[in-house]
Amino acid sequence: MFGFDTLDLSRAQFAMTAIFHILWPILTISLSLFLFVVEALWLRTSDPVYYRHARFWSKLLVLNFAVGVVSGIPLEFQFGTNWAPFSHHSGQFIGNILGFEGAMAFMLEAGFIGVMMFGWGRVPKGVHLFATGMVALGSSISSFWIMVANSWMQTPAGVRVVDGKIIVTDYVAAIFNPDMAWAVGHMWVAAVETGLFVIAGISAWYMFKRREPAFFARSFKLALMLLLVIAPLQVWLGDSSGVDVFKTQPAKGAAIEGHWHTNPDGEGAAWSLLAWPNQAEQKNDWSIEVPGMLSVIATHSATGKITGLADIAREDQPPMLPLLYYAFRAMAGIGMWFVLLSFWTFVAWRKVGGRVEEFVRNRKLLLAWVLTIPLPYIAVECGWIVREVGRQPWVVYGLLRTRDAVSDVAAHAVAGSMLMFFVFYIVLFVTFFVFAKKWLQQGPDVTLPLPDAAHAAGY
């Protein structure tokens, strides 16, 4: 249909639904953890500001959670409608893992989010904190199982192929596959980092507008203190994950760096700072290179051997090399900016001695935080592009090719469902935007009575 076959359209549809869906759970993970922290601080200090922060930010969490749940349904249904052979061949592991995610994680979130939102003054404070903690725990467990499933698709272990079907022989080895630790850690920290930048960015917007600056300085400072640890940690996790990619998926590693020829023994591989990969010619059309640096980056050795993409069979090379190459650089560059912005702000905060009335005069700094809000989302999307496009042409690396995993469905049927999902997601996004804008304009209620007082007053 229009030059695209069922495989192309099924891949495009899954990419579209995944790109939209991932926007929401990453904020749910981080925001629920933040709510647990501020609620715990309220119980410890009895400072009503922390309670009002919990009430204010929880509204954003509910909006985000609702869109995440609804947008995720079409994503999982595609395993049956568009990728039935994949489900048939690898369902013994993937099906179980996704079942664990639903039973352990989603049900935990769904079971306690109502108590978290509507239990103020109706349940004891400790019980309410427990409910908030269960929502946070459930979202993190969900991330764990999803990344276990995806990491196994990247580096399958604990299985053997019998009559064309992937059979699990060792569940422990399959779950704790070579990519699992880096995948879970990198994704979970990315989610936490995203939420912290959203919280800090929105707080900076209110301070920029001089709306309740003292109130939002509290959430801004808390997010900043956490980012001073999280942002450098994420850079380290990204670097370590990248080193592992060159060991376990050499074609992906060579693709994201535009590296075409294996370096000789005793010589370091050159690193292209910028280039334009040309897969048809099996070379870069142009390249700005730093001699020997790729070996240092990818192996932490001056003469580490890096397999070139031209030394890998073309049928095993990832597609869309320019997309891979620049998605990786965008993700890495954004990560570096996060570290710079966090420490720059820490210095500015210390310079004024933490005095809010002086800090808010840093208009350009506050604006930088506001403008940074979309960047963690862009970085996450770029990371998933690198992760998934870089794994091609395999759906289960080395065991099942993507072309063999697609359902035998008419191309026009896939195009129709893709259009339907696109319209559905537009409606979801606009709905979220309308309610989020109303929440943002309304702002916090800084006179909101505490639960005991509110209950006594009949709130």
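User: How many salt bridges does the structure hold?

Analyst: This predicted model holds 8 salt bridges.

User: What makes the contact between Asp-47 and Arg-218 a salt bridge?

Analyst: A salt bridge needs a side-chain nitrogen of Lys or Arg within 4 Å of a carboxyl oxygen of Asp or Glu. The side chains of Asp-47 and Arg-218 meet at 2.9 Å, N to O, so the pair meets the definition. Asp-47 lies in the loop between helix H2 (25-45) and helix H3 (48-81), and Arg-218 lies in helix H8, so the bridge ties together parts that are 171 residues apart in sequence.

User: Why is Arg-218 called partly exposed?

Analyst: Partly exposed covers what falls between under 20% (buried) and over 50% (exposed). Arg-218 has a relative accessible area of 29%, so the label is partly exposed.

User: What makes Asp-265 and Lys-305 a salt bridge?

Analyst: Their side chains meet at 2.8 Å, N to O, and the cut-off is 4 Å, so the pair counts. Asp-265 is in the loop between helix H9 (250-257) and strand S3 (271-278), while Lys-305 is in the loop between helix H10 (293-299) and helix H11 (321-351), so the pair ties together parts that are 40 residues apart in sequence.

User: Are these two residues buried or exposed, going by Asp-265 and Lys-305?

Analyst: Asp-265 has 67% relative accessibility and counts as exposed, because exposed means over 50%. Lys-305 has a relative accessible area of 45% and is partly exposed.

User: How do you know that Arg-401 and Glu-315 form a salt bridge?

Analyst: The N to O distance is 3.9 Å, and the definition asks for within 4 Å, so the pair is included. The two ends are in distant parts of the chain, 86 residues apart: Arg-401 in strand S6 (residues 400-401) and Glu-315 in the loop between H10 and H11. Glu-315, Asp-316 and Arg-401 are linked in a network of salt bridges.

User: Why is Arg-401 called buried, and why is Glu-315 called exposed?

Analyst: Buried means under 20% and exposed means over 50%. Arg-401 is at 12% relative accessibility, so Arg-401 counts as buried. Glu-315 has a relative accessible area of 51%, so Glu-315 counts as exposed.

User: What makes the patch with Lys-209 and Arg-210 one of positive charge?

Analyst: Lys-209, Arg-210, Arg-361 and Arg-363 gather there on the surface, and Lys and Arg count as positive, so the charge of the patch is positive. Patch members need over 30% relative accessible area; Arg-210 has 48%, so Arg-210 passes that cut-off. Arg-210 sits in the loop between helix H7 (180-208) and helix H8 (213-248).

User: Which residues form the nonpolar patch on the surface?

Analyst: The patch is made of Leu-419, Phe-422, Val-423, Ile-426, Val-427, Phe-429, Val-430, Phe-433, Val-434 and Phe-435. Together they have about 950 Å² of accessible area. Phe-422, one of them, is in helix H15. Phe-422 is partly exposed at 44% relative accessible area.

User: How do you know that helix H5 is largely enclosed?

Analyst: Of the 30 residues of H5, 22 are buried, so the helix is largely enclosed by the rest of the structure.

User: What span does H5 reach, and what is expected?

Analyst: H5 (residues 125-154) reaches 44 Å from its first C-alpha to its last, close to the 44 Å expected at 1.5 Å a residue.

User: What makes the peptide bond from Gln-392 to Pro-393 worth a remark?

Analyst: That bond is cis, with omega near 10°. Most peptide bonds are trans. Pro-393 is in the loop between helix H14 (375-389) and strand S5 (394-396).

User: Why are Ser-46 and Met-320 listed for their phi?

Analyst: Phi of Ser-46 is near 60°, and phi of Met-320 is about 50°. Ser-46 is in the loop between H2 and H3 and is exposed, at 54% relative accessible area. Met-320 is in the loop between H10 and H11 and is partly exposed, at 44%.

Notes:
Residues numbered from 1 in each chain as written. Predicted model: local features only at pLDDT ≥ 70, side-chain atom pairs only at ≥ 80, totals over all residues. Heavy atoms only, no water. Patch = residues over 30% accessible without salt bridge, like charges linked within 9 Å, V, L, I, M, F, W, Y side chains within 5 Å. Areas by Shrake-Rupley, 256 points an atom, 1.4 Å probe, with all protein chains shown as cover. Charge placed at Lys NZ, Arg CZ, Asp CG, Glu CD. Helix = DSSP H or I, 4+ residues; strand = E, 2+ residues; numbered from the N terminus. Buried < 20%, exposed > 50% of the residue type's maximum accessible area, 1.4 Å probe, protein only. Expected span 1.5 Å × (residues − 1).
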